[in-house]
Amino acid sequence: MSVTTTARRARADATAHKPLQKGQQTKAAIVDAALGLATQIGLEGLSIGALAEVMQMSKSGVFAHFGSREELQISVVREYHTRFEDEVFYPAMSAARGLPRLRKLFDNWMKRTSVEIDSGCIYISGAVEFDDRPGPVRDALASSVNTWLTAMRRAVEIAIKEGHLAADTDASQMAFEIHAQILALHYEARFLRSPDSVRRALQAFEGIVERYSHRPPPASARKSQG
């Protein structure tokens, strides 16, 4: 784990033990409700009015905590990212370096994805909504996703260094392929309702690991051996 990540966790732990002021408690409750709405109707569907109705607050009361709909959306993205790290990334850090940790990251990701098949994923729905719309919300989404994909690629790189994967493994390519399985799972399970999609995603991951663990020698080497 990097120094930056350790520092972030330390700050988070310190904050968790501080009692929230009333205003902070209210804002946290609003963000929680907004996240619940966003998983159902998307970030673009969020509005101060709809949230005020859910929270049984006035529009001005909700607005006072964020100042704009855009800031509300960004707060939801940040909260989603925090929960994603807490459920997927941090628990995997207790696994041994290398392939065990990479497997744990994927297992945790699959557990969360299995739940989100019903509730929806902000990263995926947000990408559809904001892929061609430059601005702070898109930037917040892209930053969160890139942070996670960087962590996944780093796990692959460590597995290479530990000798669990072939030395010539392209870490970016392997991370891309793992990410592709999650995206395919969402599409197959959430949209097409394929009953065996989770099993297929797990099987695909094992296939990726197997392929990068036992890479065949280059063609030139095989010819010289022959």
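A residue counts as buried when its relative accessible area is under 20%, and as exposed when that area is over 50%. The model discussed here is a predicted one.

Q: Is serine 144 buried or exposed?
A: Serine 144 belongs to helix H8, which covers residues 136-161. Its relative accessible area is 8%, and because the cut-off for burial is under 20%, serine 144 is classed as buried.

Q: Which residues does serine 144 touch, not counting residues up to four places away in sequence?
A: Contact here means that heavy atoms lie within 4.5 Å. With residues up to four places away in sequence left out, the residues that serine 144 touches are Val77, His81 and Tyr123.

Q: Which residues do ring pairs link into a cluster with Tyr123?
A: The structure holds 8 aromatic pairs. Ring pairs join Tyr123 into a cluster with Tyr80, Phe84, Trp109 and Trp148.

Q: Where does the charged end of arginine 112 sit?
A: Tyrosine 80 is one of the residues in the ring cluster. The charged end of arginine 112 lies 4.7 Å from the centre of a ring, and the ring over which it sits is that of tyrosine 80.

Q: How many residues apart are phenylalanine 106 and phenylalanine 205, which form a pair?
A: The rings of phenylalanine 106 and phenylalanine 205 are stacked, with 4.0 Å from centre to centre and 5° between the planes. Phenylalanine 106 lies in helix H6 (residues 99-119) and phenylalanine 205 in helix H10, so that the pair links distant parts of the chain, 99 residues apart.

Q: Why does phenylalanine 106 count as buried, and why does phenylalanine 205?
A: Burial requires a relative accessible area under 20%. Phenylalanine 205 counts as buried because its relative accessibility is 2%, and phenylalanine 106 counts as buried because its relative accessibility is 1%.

Q: Are helices H9 and H10 roughly parallel or roughly antiparallel to each other?
A: The axes of H9 (residues 171-191) and H10 (residues 197-213) come within 9 Å and cross at roughly 170°. Angles over 145 degrees count as roughly antiparallel, and H9 and H10 are therefore roughly antiparallel.

Q: How many nonpolar residues does the contact of H9 with H10 have?
A: Among the residues that meet there are Met174, Ile178 and Leu185 in H9, and Val198, Phe205 and Ile208 in H10. By class, the contact of H9 with H10 has 3 charged and 3 polar residues, while the number of nonpolar residues is 11.

How values were computed
Residues numbered from 1 in each chain as written. Predicted model: local features only at pLDDT ≥ 70, side-chain atom pairs only at ≥ 80, totals over all residues. Heavy atoms only, no water. Axes fitted to C-alpha atoms, helices over the stretch in contact; angles between N-to-C directions. Helix = DSSP H or I, 4+ residues; strand = E, 2+ residues; numbered from the N terminus. Parallel < 35°, antiparallel > 145°, perpendicular 65-115°, else oblique. Nonpolar A, V, L, I, M, F, W, Y, C, P; charged D, E, K, R; others polar. Phe/Tyr/Trp six-rings, centres within 6.5 Å; stacked < 30°, edge-to-face > 60°. Buried < 20%, exposed > 50% of the residue type's maximum accessible area, 1.4 Å probe, protein only. Lys NZ or Arg CZ within 6 Å of the ring centre and 35° of its normal.
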